[in-house]
Amino acid sequence: MYDPGMYDPTPGPPPGCPAHGMGPGGLRRLYGPEAEDLGALYEKLRAEHGNVAPALLHNDVPIWVVLGHTENLHMVRTPSQYTRDSRIWNPLRDGTAGPDHPLMPLFAWQPICAMAEGDEHLRLRGAVMGAMSTIDHRGIRRSINRSTQLLVNRFCEDGSADLVSQFAEHLPMAVLCEILGMPEEYNDRMVHSARDMIKGTETAIASNEYVMGALNRLTLRRRAQPQDDFTSHLIRHPAALTDDEVAQHLRLVLIAAYEATTNLIANVLRMVLTDPRFRAQLNGGQMTVPEAVEQSLWDEPPFSAVLGYFAKQETELGGQRIRKGDGLLLGIAPGNVDPRVRPDLTANMQGNRSHLAFSGGPHECPGQDIGRAIADVGVDALLMRLPDVRLACEEHELRWTTSISSRHMVELPVTFMAKPPQDDTQQPGAHPAGRRPRADWQVTTPAPAPEPAPAPQPATPQPESETVAPAAEPERRLGAWQRFVRWWRGY
Ligand code: HEM
C-alpha cells in the first residue's frame, strides 16, 4: 500500500539514471516526456501498483490514478466517500497546487453542478435536467442533419477536406448554439473561441470573455422574454438559478459538451475510414454508425480522464489506503481497457454499453444521448453525402494533441469525388426511398421508424451495470454506407 502524501521529498535521480523521469518518492509523472503516451504510462502504473496507483501531476502534486473499471465505478457511485468538490483537496488547502498550477482550470472550484454535491448538486443538476427534458428530440435530429448539410456544402466542391477543422469542430457548436437558443451566435469566431479556451492559449481569457458575453446577453434576453429553448427553461426552473448561475451552466454545457462531442465525431470518422473491423463488417452488412460510436466510446473515450474526485474520509480503494483530502483521477480510458473486463481488446463490444465514457453515479453525464445523436446523425449524413470519402494520408501519419483530460485529433484529411452543394432546405423525409435517414433520434433504443415518423421519445440514459455483461443486442438498423451500398446494388 502506498501513501502519496508520505512520499520522500528528496530530489529525483540524476540525469542518465534509469529511473530518470521519475519524480519524488520514485513516483511516475503524468506530465513531461514519459507522459507523451499516457496510455502506455497507465499500463506501467497498472503493472506496478494494481488498480489504483500513486502518481504525480505537474509541480509534482500527488494524485491517485484510478485504473480499474470496478474501482472507478465504485468511486463515482459512492458520494458518501468521494466528492467532486475540490475545496477539500489537501494540495489546494496547503498551497502545493497554487493558483499558477497549469491544471488549475480543471480543478479550481466553481459554483456549477459538475463540482457541487448533496442538496446543492440536486438543485443545480435538477435545473439542468429539467431544461434538458424539454428538448424536442426530433427537432434536434433535424437540426443536426441540416447543420451537417450546410457544413458539407462548404467543402463538397473541393474534392478534399480536413474533417476535424471543417466538420467535427463545427457540428457540435452549431447544434449546441441552437439548443441553447442562440443559433445566430454560431459562427467561426465562436468555434475559434471555444477551441482557444480549451487549449488555454494566451488569448484564452479574451476568448472566454467573448463566449461569456454571448451567454450573458442570452440570459438577460430570455429572462426578459422567455421562449421555448434550453436557456428559457433553465431560467424558469423552480430551482430559481441566478443570472450568474444560468450563464455558468450554459458555459458548462457549451464548452464541455462541445469538446467531448467534437472528439467523439473525429474518433468515429477515423474508425469508419480506417478500422478493418468497421470496413470488413460493413461489407458483410453488419456494423452501423451507432455501433461504431459505441465501440469508439470504449476504445477512445472523448474525455480520457476527469480531474478529479476527492476523498471525504479515510478509506480504501483497490487495496490502497486513501487519506481524507486525497485527490483521485477518474481514469476513463484506463478503466475502459481494464483486462478484467476486456481480456481481448480486439473483441468488439457491440451491445455492451458499460464503458466509463459518460462516468456514472450522481454526476453521470446528463447530455449523453445528445452527444451520441450528434455523432450518429452527423456521421451518417456525411457518409450519405460523400459515400466515396477516403483518408488522404497514411493512418500512422494522423496526429493528436494529448492532455490529461483528452486526446484531440489534429487533422483528418480526406478526399472524395467533388460534387455540387445540396439544397439545405431539403428535409430528412425528402430522401429517395432506401436512402432515407432514420426518423428516430434516440440512439440508445434503436427501434426502426414506421412511416410516418413516430412521436418523439424521452431520452432515457441507460444505467451502467457493475458487471460488463453484454446488454441485449440492439435491433439493427442500416448505416448510411450500408443504405448507399444497397441502393447502389439495386436492392
Ligand atoms: C460524447 C459527448 C459527451 C461525453 C463523452 C461527455 C462526458 C461527460 C463526463 C465524463 C462527465 C463528468 C462526470 C463526472 O464528473 O463524473 C460529464 C458531465 C456533464 N456533461 Fe457530458 N459528455 C458529453 C456530452 C454532453 C452534452 C451534449 C451535454 C449537454 C447538452 C453534456 C452535459 C454535461 C453536464 C451538465 C455535466 C455535469 C453533470 C453533473 O456534474 O451533475 N455533456 N460529461
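**Group meeting: a walk through the helices and the sheet**

The crossing is right-handed. On the α12 side, the contact is made by Leu264, Asn267, Val268, Met271 and Val272, and α14 answers with Ala292, Val293, Gln295 and Ser296.

Before I go on, please keep in mind that this is a predicted model. For the overall picture, the protein has 17 helices and twelve strands. Of its 491 residues, 44% count as buried. If you take contacts between residues at least 6 apart in sequence, 72% of them join residues at least 24 apart.

Now to another pair of helices, α6 and α8. How do they cross, and how far apart are their axes? The axes come within 9 Å, at an angle of roughly 140 degrees, and α6 and α8 are therefore described as oblique to each other. Here, too, we have a right-handed crossing. From α6, the residues in the contact are Ile140, Ser143, Ile144, Ser147, Thr148 and Leu151, while α8 brings Leu171, Ala174, Val175, Glu178 and Ile179.

Let me stay with α6 for a moment. This helix runs over residues 137–155, and its 19 residues should span 27 Å at 1.5 Å a residue; the end C-alpha atoms sit 28 Å apart, which agrees. Its buried residues include Arg141, Asn145, Gln149 and Val152. And what do the buried residues of α6 pack against? They pack against α7 (164–168), α8 (171–180) and α16 (368–385).

That brings us to α16. Its 18 residues should span 26 Å, and its end C-alpha atoms are 26 Å apart, so expectation and model agree. In α16, 17 of the 18 residues are buried, so the helix is largely enclosed by the rest of the structure.

Next, the sheet. There is an open sheet of five strands, in the order β1-β2-β8-β5-β3, and the pairing is mixed. β1 (52–57) and β3 (82–83) stand at the edges with a single partner strand each, so one side of each has no neighbour in the sheet.

β1 and β2 run antiparallel and are joined by six bridges, with β2 taking in residues 61–66. To place yourself on screen, find Ala53 opposite Val65 and Leu56 opposite Pro62. The two strands form a hairpin with three residues between them, and Asn59 in the turn has a positive phi of about 60 degrees.

On to β2 and β8: these strands run parallel and share three bridges. One of the pairs to look for is Val66 with its bridge partner Leu330 in β8.

So is β2 enclosed or open? Six of its six residues are buried, so β2 is largely enclosed by the rest of the structure. Both of its faces are covered, with Val61, Ile63 and Val65 buried on one side and Pro62, Trp64 and Val66 buried on the other.

Notes
Residues numbered from 1 in each chain as written. Predicted model: local features only at pLDDT ≥ 70, side-chain atom pairs only at ≥ 80, totals over all residues. Pairing = 2+ DSSP bridges. Helix = DSSP H or I, 4+ residues; strand = E, 2+ residues; numbered from the N terminus. Expected span 1.5 Å × (residues − 1). Buried ≥ 20, exposed ≤ 12 C-beta atoms within 10 Å, placed from the backbone. Contact = placed C-beta atoms within 7 Å. Left-handed = near helix turned anticlockwise from the far one by under 90°. Axes fitted to C-alpha atoms, helices over the stretch in contact; angles between N-to-C directions. Parallel < 35°, antiparallel > 145°, perpendicular 65-115°, else oblique.
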